[in-house]
Amino acid sequence: MGKLEGKTAVILGAASPDNMGQVMARAFATEGARVLVAGRKEAPLQALASEIGGEYALCDITSRSEVRALADAAVAKLGRVDAAVNCTGWGLLKSFTEITEEELNGIVALQFTGVHHFLQAFIEKMVAQTPSGGSLISLSSATTKAVIGNHAAYIGTKTGSEGLIRCVANDYGQYGIKANSISPAFTESPMTHQSFAVPGLVDAFLPRYPLGRLNTSQDVANAAVWLCSDDCFVTGENIQPNGGLTLRGNPQSGDIERSVGAAMAARGS
């Protein structure tokens, strides 16, 4: 405990009960940080802020003006920003040829353009504050290194956000700013609840993890805490707290179909 004692943090994407952003906010608060949580739904944000003794603000990452207002609110409420973490995302599962223009525009706005808005706004705050510096994190995905079927728009935009992070690390390290991305794999959360309920689906993924289990939201939060701590001398990297999935790669469509089919057949027997 105390790895972030005296620090301040903004966590965007914490507006759904027990999602990855909320788990991360609790972890940061436990380690001593004063946390401002943000997202698009006021009630869960207000409840979480009350629970952890922090602050909250409404923000849609696809709106540049709202993101800049979030950065202003963070400085006003916290005094400075030592860490800013983007946990937003959209698990769009659709074949390459079926993705509509509207869906493509939406995921680009959320997972690339919005990430640019977020980094830009908080770079400006971190450069201007005294002393300058801080830690910037954007959640990416293990799928950018371990490709899985029917995720083209998702993987493409997450890969682009990793490129933005590397550029920030290169250009703003001189101001004491660290910038890294974190790549969870198939993680049980409110967003994936329905997937985890499919018989046999998890069984298709488990053999791909050398450490023998899927990563949890807490694993991801622990990585973020370390990246934002003074113990961390890392920037421009993509951190993989997912038990070694990228060594073996994600299962492909045929693997998943066979695993789910076997589980369904076993249930019917």
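This is a predicted model: local features need pLDDT of at least 70, side-chain atom pairs count only at pLDDT 80 or more; totals for chains, interfaces and linings use all residues.

Tutor: Residues are numbered from 1 along each chain as its sequence is written, and side-chain values use heavy atoms, without hydrogens and water.

Student: What makes the chain as compact as a globular protein of that length?

Tutor: The secondary structure comes to 10 helices and 7 strands, where helices are DSSP runs of H or I with at least four residues and strands are runs of E with at least two. The radius of gyration, taken over C-alpha atoms, is 19 Å, close to the 18 Å from the globule rule for 269 residues, so the chain is as compact as a globular protein of that length. That rule is 2.2 Å times the number of residues to the power 0.38.

Student: What share of the residues is called buried, and by which cut-off?

Tutor: Buried means under 20% relative accessible area with a 1.4 Å probe, protein chains only; 54% of the 269 residues are buried.

Student: How do you know what share of the contacts joins residues 24 or more positions apart?

Tutor: A contact requires heavy atoms within 4.5 Å. Of the contacts with a separation of 6 or more, 71% are between residues 24 or more positions apart.

Student: Which dimensions describe the box filled by the C-alpha atoms?

Tutor: Along the principal axes, the box is roughly 65 × 40 × 35 Å.

Conventions: Buried means under 20% relative accessible area, exposed over 50%, partly exposed in between (1.4 Å probe, protein chains only).
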